[in-house]
Amino acid sequence: MGKAIAAVGLIVSLLTLQILTATVEQRRGKEVERELKIVIVTGGHDFERKEFFAMFESFKGIKWEEKQQPQANDIWLGETLRNYDAIVLYDMWQQITEEQKQRMIKWLRDEGKGLVALHHSIASYQNWDEYARIIGARYFIAPGKAPDGKEFRTSQYHHDIRFVVKVADKNHPVTKGLPEQFEIVDETYKGWWLAPDVHKLLITDHELSDPCVAWAKRYGKAKVVYIQLGHGATAYNNPHFRTLVHNAIRWVAEKD
Ligand SMILES: [Zn+2]
């Protein structure tokens with residue numbers, strides 16, 4: 001009896017192995033991308049929720065969860081972030097504790113957790129220079145100093161601008177599938193600080209915008225992408241914006 005059970009067990013194991021091998025081969029053949037789990041941080045700024053999350057629903061193989069501020073900053077504490085491949089910031093928030101700051105730095109710099117910062121998240125944490133260094137920029141809600149000491153007046157925004165965006169590096173994984181240039185109706189930002197160490201992905205020469213509107217960078221072990229576009233539904237529904245955000249999530253989630 002014991003032998004019979006052992007034999008059945010062996011057959012089951014072999015069959016399981018065969019099924020698993022077949023699945024892996026099938027996936028390779030179709031180049032199915034790894035399923036990712038991301039957390040989207042919101043709060044402190046209104047947005048068209050339905051349309052915004054419909055964009056993430058359209059991304060194949062990406063499961064998302066929303067965390068709203070002020071509770072959202074607790075994701076930096078504890079071990080919750082081990083369950084996620086990347087973090088998307090779409091909040092505009094100023095309150096963060098010293099412990100949350102240090103843990104955020106650690107998750108990025110030492111653990112290499114991927115970060116995509118969108119649109120108004122450039123104006124978060126006006127009084128925390130390291131945040132501006134992490135994402136590579138700061139929009140000034142009020143006159144102030146950039147991390148490099150340069151003085152800035154209040155930055156400006158302009159809604160519903162139809163402008164042309166050009167790809168600055170067509171060989172980068174984040175711009176894969178984008179045309180050389182495309183048009184978008186979106187909000188522009190002007191007069192903000194851009195860190196010198198960013199790798200420019202998208203540029204524009206529209207007079208109401210600063211020239212660089214998307215970039216990639218590293219922060220310790222973490223890959224970081226910032227995309228200035230993304231105010232409302234005209235951006236969320238723009239197929240090129242969707243490609244950009246999807247590529248950015250996949251790129252930052254993949255560790256080297
Ligand atoms: Zn906006």
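Which residues form one aromatic cluster? Phe47, Phe52, Phe53, Phe56, Phe59, Trp64, Tyr90 and Tyr236 do. The model shown in these views is predicted.

**Figure 1. Overview of the protein chain.** The chain is built from six helices and 13 strands. Of its 256 residues, 48% are buried. Among contacts with a separation of 6 or more, 68% join residues 24 or more positions apart.

Figure 2. Trp64, at 25% relative accessibility, counts as partly exposed. Both residues belong to the cluster that also includes Tyr90 and Tyr236.

**Figure 3. The largest pocket.** The space in this pocket amounts to about 260 Å³. Its lining consists of Glu33, Arg34, Leu36, Pro173, Val174, Lys176, Thr243, His246, Asn247, Arg250, Trp251 and Glu254. Helix H6 (residues 239–253) gives the largest share of this lining, five residues. By residue class, the lining of the largest pocket holds four nonpolar, three polar and five charged residues.

**Figure 4. The second largest pocket.** The volume here is about 170 Å³. Of the 14 residues that line the second largest pocket, His45, Met92, Tyr139, Tyr157 and Glu187 lie nearest its centre. Strand E8 (156–167) and strand E9 (181–190) each contribute at least two lining residues. The lining of the second largest pocket divides into seven nonpolar residues, six polar residues and one charged residue.

**Figure 5. The largest cavity.** Rolling a probe the size of a water molecule over the atoms shows where empty space is left. The structure has one cavity of 30 Å³ or more. About 30 Å³ of space lies in the largest cavity. The residues lining the largest cavity are Gln69, Asn73, Trp76, Leu89, Asp91, Met104, Tyr125 and Tyr131. Five of these lining residues are nonpolar, two are polar and one is charged.

**Figure 6. Surroundings of Asn73, one of the residues lining the largest cavity.** Asn73 sits in the loop between strand E2 (62–68) and strand E3 (86–91). Its relative accessibility is 3%, so Asn73 counts as buried. The side chain of Asn73 comes to 3.1 Å from the backbone oxygen of Gln95. Beyond its neighbours within four places in sequence, Asn73 contacts Trp93, Gln95, Ile96, Gln100 and Tyr125. Tyr125 is also among the residues that line the largest cavity.

**Figure 7. The cis peptide bond at Pro70.** Most residues other than glycine have a negative phi, and most peptide bonds are trans. The bond from Gln69 to Pro70 is cis, with omega near 10°. Pro70 is placed in the loop between E2 and E3.

Figure 8. His119 is not a glycine, yet its phi is positive, at about 40°. This residue lies in the loop between strand E4 (114–118) and helix H4 (129–135). His119 has a relative accessible area of 0% and is therefore buried. Asp160, also not a glycine, has a positive phi of about 55°. Asp160 is located in strand E8. At 65% relative accessibility, Asp160 counts as exposed, because that class covers values over 50%.

**Figure 9. Lys150 in the loop between strands E6 and E7.** Strand E6 spans 144–145 and strand E7 spans 151–152, with Lys150 in the loop between them. With a relative accessibility of 51%, Lys150 counts as exposed. Leaving out residues up to four places away in sequence, Lys150 touches Gly144 and Lys145. The C-alpha atoms of Lys150 and Trp193 are 8.6 Å apart, while 43 residues separate the two in sequence.

How values were computed:
Residues numbered from 1 in each chain as written. Predicted model: local features only at pLDDT ≥ 70, side-chain atom pairs only at ≥ 80, totals over all residues. Heavy atoms only, no water. 1 Å grid on protein atoms, 1.4 Å probe; cavity = no way out; pocket = protein on both sides within 12 Å on 5 of 7 lines; lining within 4 Å. Points joined across faces, edges and corners; volume = space filled by probe spheres on them. Helix = DSSP H or I, 4+ residues; strand = E, 2+ residues; numbered from the N terminus. Nonpolar A, V, L, I, M, F, W, Y, C, P; charged D, E, K, R; others polar. Buried < 20%, exposed > 50% of the residue type's maximum accessible area, 1.4 Å probe, protein only. Polar contact = N/O pair within 3.5 Å; in protein donor to acceptor, adjacent residues only side chain to side chain. Contact = heavy atoms within 4.5 Å. Phe/Tyr/Trp six-rings, centres within 6.5 Å; stacked < 30°, edge-to-face > 60°.
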